[in-house]
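Biologist: I am new to this structure. Can you show me how to read its features?
Modeller: Let us go through them one at a time.

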Amino acid sequence: MTQAFLKCGRFRLSVQQGRRPLVMGILNVTPDSFSDGGRHQRLDMALTHAEQMIADGVDIIDIGGESTRPGIAPLSLEEELERVLPVIYALRDCGKPLSLDTYKPAVMREALLAEVDMINDINGFRAEGAIEAVRDSEAGLCVMHMQGQPQTMQQAPQYHDVVGEVEAFLQRQVDLMRQAGIARERICIDPGFGFGKTVEHNLALLKNTRRLIRQLGLPLLAGMSRKSMIGAVTGKPLERRMAGSIGAALVAAQQGAMIIRVHDVAETVDALTLWQAGREDA
């Protein structure tokens with residue numbers, strides 16, 4: 001049975017099936033993000049964007065200091081900390097859970113000292129010391145699947161059974177975290193749309209989201225906003241992918257995803273609110 005809440009630092013978030021999914025708003029403080037690189041890099045601009053997301057009804061704010069778009073070079077530890085820590089300190093009393101998108105254990109430790117509420121790790125807490133870095137905190141933990149590394153992950157990714165392999169990876173990492181003493185109520189999963197997957201792989205995972213939730217019994221985060229899979233299906237360039245992204249969010253919600261990670265907060269909140277109101281079992 002899927003858990004009904006997610007322990008997320010200072011917050012306890014309802015992720016009970018049948019409720020409207022939580023909307024996680026993306027706050028990139030990077031000059032090279034694939035979608036909004038540089039737009040919110042300055043602290044004052046980042047805070048203005050966060051305030052707008054809060055006004056738009058965001059449930060979680062996901063701060064990212066390093067772009068993980070395909071082919072991007074890795075960022076130094078020092079530079080990532082310089083980008084994200086001022087934002088975390090400035091927003092930690094904003095009334096919303098703060099998530100940090102990072103795969104570096106040292107960044108995780110510093111962010112947890114700054115009272116971040118969630119660690120969203122694209123590497124699934126595989127790095128040496130990652131589980132130890134988060135084990136004794138109260139932060140929520142999002143375990144994501146990624147084949148390869150950001151620099152090379154989209155160079156002909158291959159699977160024999162993408163759904164089965166992603167499921168097995170997520171189960172293995174969750175088991176390791178549980179063995180380390182991390183409470184189940186702190187964990188959610190992410191199949192990693194666009195991270196070492198073709199369009200066909202992404203669509204197979206989307207169609208089988210409910211299976212992943214059922215097999216692992218954990219809340220699932222779906223992040224497809226503006227990604228190339230949206231462009232491949234709709235034929236639209238990056239700047240015209242809002243409608244497709246909202247469509248993907250609704251499909252994920254219908255499949256049982258309880259956290260939807262998006263750029264377009266207001267539009268997604270409205271769409272999911274109406275979807276919830278119109279459900280026969282609501």
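Biologist: Which residues of helix H7 are buried?
Modeller: First the general idea. An α-helix has 3.6 residues a turn, so residues three or four places apart point the same way. Now the case here, in a predicted model. Helix H7 runs over residues 209-216, and its buried residues are Thr 209, Leu 212, Ile 213 and Leu 216. They span an arc of only 95° around the axis, so they sit on the same side of H7.

Biologist: What follows H7?
Modeller: Gly 217 does, and its phi is positive, near 65°.

Biologist: H5 and H6 came up together. At what angle do their axes cross?
Modeller: At roughly 65°, and the axes come within 9 Å. Angles of 65 to 115 degrees count as roughly perpendicular. H5 and H6 are therefore roughly perpendicular to each other. Their crossing is right-handed.

Biologist: Which residues meet there?
Modeller: H5 brings Val 162, Val 163 and Val 166. H6 brings His 201, Ala 204 and Leu 205. By class, that contact of H5 with H6 has five nonpolar residues, one polar and no charged.

Biologist: How do the axes of H1 and H2 cross?
Modeller: Helix H1 covers residues 43-55 and helix H2 covers residues 77-91. Their axes come within 10 Å and cross at roughly 45°. H1 and H2 are therefore oblique to each other. This crossing is right-handed.

Biologist: Which residues make the contact of H1 with H2?
Modeller: On H1, Leu 43, Ala 46, Leu 47 and Ala 50. On H2, Pro 86, Val 87, Ala 90 and Leu 91. Sorted by class, the contact holds eight nonpolar residues, no polar and no charged.

Biologist: And H9 with H10: at what angle do they cross?
Modeller: Helix H9 (residues 242-254) and helix H10 (residues 265-277) have axes that come within 10 Å and cross at roughly 40°. That makes H9 oblique to H10. The crossing of H9 and H10 is right-handed.

Biologist: Which residues of H9 and H10 meet?
Modeller: From H9, Met 242, Ile 246, Ala 249, Leu 250, Ala 253 and Gln 254. From H10, Glu 267, Thr 268, Ala 271, Leu 272 and Trp 275. The contact of H9 with H10 divides into eight nonpolar residues, two polar and one charged.

Biologist: Now the loops. Where is Met 224, and is Met 224 buried or exposed?
Modeller: Met 224 lies in the loop between E9 and H8. Under 20% relative accessible area means buried. Met 224 has 3% relative accessibility, so it counts as buried.

Biologist: Which residues is Met 224 in contact with, leaving aside its neighbours within four places in sequence?
Modeller: Phe 193, Leu 206, Met 229, Ile 230, Ser 245, Ala 248, Ala 252 and Arg 261. Look at Ala 249 too. Met 224 and Ala 249 are 25 residues apart in sequence, yet 7.5 Å apart in space, C-alpha to C-alpha.

Biologist: How should I read a positive phi?
Modeller: Start with the rule. Most residues other than glycine have a negative phi. Arg 226 has a positive phi, near 65°, and is not a glycine. Arg 226 sits in the loop between strand E9 (221-222) and helix H8 (228-234). Its relative accessible area is 16%, so Arg 226 is buried.

Biologist: What is the phi of Glu 115?
Modeller: About 75°, positive although Glu 115 is not a glycine. Glu 115 lies in the loop between helix H3 (105-113) and strand E6 (118-121). With a relative accessible area of 39%, Glu 115 is partly exposed.

Definitions and conventions: Residues numbered from 1 in each chain as written. Predicted model: local features only at pLDDT ≥ 70, side-chain atom pairs only at ≥ 80, totals over all residues. Heavy atoms only, no water. Axes fitted to C-alpha atoms, helices over the stretch in contact; angles between N-to-C directions. Helix = DSSP H or I, 4+ residues; strand = E, 2+ residues; numbered from the N terminus. Parallel < 35°, antiparallel > 145°, perpendicular 65-115°, else oblique. Left-handed = near helix turned anticlockwise from the far one by under 90°. Contact = heavy atoms within 4.5 Å. Nonpolar A, V, L, I, M, F, W, Y, C, P; charged D, E, K, R; others polar. Buried < 20%, exposed > 50% of the residue type's maximum accessible area, 1.4 Å probe, protein only. Arc of directions from axis to C-beta.
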